[in-house]
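Here is a short briefing to read alongside your structure. Keep the 3D view open as you go.

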Amino acid sequence: MSSHATTAATVVKQLLYHHRSFTLTSLHFNRRRISSSLLAVSSYSTTLSSSTRNTKKLNRKDNSVSSSISNNRRALTDSVVKRRTRSDKKFDEDSFRQFGDTGTHIPVMLGEVLQVFYSRKVHTFVDCTLGAAGHSSAILQTHPEIQTYIGLDCDPVAHEKAKAKIDLIQTATNSHDSTSNLKAHTFLRNFKNIRSTVSEVDEKLLISGVEGILMDLGMSSMQVNNANRGFSVLCDGPLDMRMDPQASLTAEDILNSWPEAEIGKILRDYGEENNWRALQKRIVKARLSGGLHTTGDLVDLIRSCSSGGKGGRQGWIKTATRVFQALRIAVNDELKTLESSLYDCYRCLAPGGRLAVISFHSLEDRIVKQTFLNIINTNVSDENNKNVSSENYDEKETWVKQMIHGVGGTILTKRPVTPSEDEEKLNVRCRSAKLRVIQRH
Ligand SMILES: C[S@@+](CC[C@H](N)C(=O)[O-])C[C@H]1O[C@@H](n2cnc3c(N)ncnc32)[C@H](O)[C@@H]1O
């Protein structure tokens with residue numbers, strides 16, 4: 001980034017965090033600088049060297065020959081998939097630092113998300129998952145034409161933090177630009193209520209539709225890092241795992257009172273955990289001695305079930321991560337909510353409007369992929385007949401590689417986009433992220 005752009009970034013940072021006033025000209029100048037710096041696309045070649053190194057490292061650690069072969073195979077498959085899907089957008093470390101806050105949350109694939117909406121005039125935008133408002137702040141900065149902005153989060157801590165940021169941007173935008181009429185609305189609400197929320201803001205908007213929607217699924221770092229929320233395998237805390245602390249069901253309720261078969265089903269279907277039977281039995285047996293009440297209790301149980309009690313990514317931590325994921329999905333009913341909300345989000349889009357979804361595990365990604373196909377009314381067997389390469393795309397955008405056209409819309413990402421290697425190096429939590437985008441006809 002040039003020194004001008006760095007200065008611009010610093011000024012916007014001040015706007016966001018210190019609420020200082022500055023002139024209309026500087027606001028415009030900064031916005032333009034940020035947009036061009038965020039969206040400068042240059043060719044970026046990915047190498048397999050880091051995944052090969054990872055594979056070698058795994059092999060050294062693993063004593064068993066057979067598991068080393070299967071680890072190798074998995075790593076190779078992963079690296080081939082990654083090579084095909086990696087973002088070719090040059091990673092912009094300055095904006096990563098500007099809009100990300102290590103104390104709260106760093107927005108994942110920020111440059112790629114901005115790219116999705118960059119070529120469009122976006123007058124109305126909905127962020128279904130505010131978090132720390134990293135994506136939202138950047139979108140509002142790069143789209144001064146936005147008039148109606150809606151942000152939702154079901155977590156009160158995230159909502160409060162994001163609301164403060166968004167309110168600040170709204171005040172600064174409207175007071176420094178006489179032509180701007182940004183109306184920002186934030187809600188402490190589940191995104192499954194997107195349709196009623198849009199209608200509450202403006203009934204007509206539900207008919208005309210919104211031009212951009214973002215879903216950045218999963219947890220924010222604020223949630224993972226707070227031991228009291230019970231999301232972290234590594235910090236001891238209550239077995240809670242509710243995204244919305246007003247919801248009634250906790251992980252503790254499930255572990256200590258749900259039928260044994262249901263526990264097994266959760267571990268198998270939502271955690272994709274091979275050892276689900278043994279874990280299911282141990283969890284139910286633990287009820288005889290008072291049950292499980294803290295994440296530490298659950299981790300101890302998992303460690304005692306894992307062969308040899310080995311730690312590290314290949315050992316109990318991997319199993320614990322799967323078990324925690326399974327419980328979190330069940331507590332928050334994440335998969336059903338996601339599927340129905342994807343349909344509702346799409347129905348909220350204006351013609352030509354885009355819905356971008358970032359998912360963090362294969363169960364979510366499968367739902368996004370299949371629901372997008374259902375929405376455009378194309379089933380997997382037709383998929384090959386309907387593929388269109390971006391060369392036939394009249395609004396050619398370099399990030400669009402292969403699309404799938406259907407009756408109801410166009411999937412702009414036949415394959416999902418995954419983070420660049422540079423982003424992965426700086427933010428390990430983005431490793432499993434996948435971005436998929438659909439555009440309404
Ligand atoms: C990965 S974070 C979003 C981070 C955000 N994009 C940013 O840049 O700061 C996901 C957020 O979605 C929220 N969330 C998850 N499921 C939700 C749902 N069903 N309805 C509303 N918010 C949800 C979580 O509380 C969390 O704050």
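α7 and β2 each supply at least two residues of the shell around the ligand; helices (H or I, at least four residues) and strands (E, at least two) are DSSP runs, numbered from the N terminus. This is a predicted model, where local features need pLDDT of at least 70, side-chain atom pairs count only at pLDDT 80 or more, and totals for chains, interfaces and linings use all residues. Residues are numbered from 1 along each chain as its sequence is written.

**Ligand shell**
- P107, T129, G131, G134 and D155 come nearest of the 21 residues around the ligand (near means a C-beta atom, placed from the backbone, within 6 Å).

**Strands**
- Strand β2 (residues 148–153) pairs with strand β3 (residues 183–188) in the parallel sense over 6 bridges (pairing takes at least two DSSP bridges).
- Opposite L152 stands F187 in β3.

**Helices**
- Helix α7 (residues 134–142) packs with α8 at an angle of about 10°, their axes 10 Å apart (axes are lines fitted to C-alpha atoms, for helices over the stretch in contact, and angles run from 0 to 180 degrees between N-to-C directions).
- S136, S137 and L140 in α7 meet A162, K165, I166 and I169 in α8 (contact means C-beta atoms, placed from the backbone, within 7 Å).

Terms used: Two residues are in contact if their C-beta atoms, placed from the backbone, lie within 7 Å.
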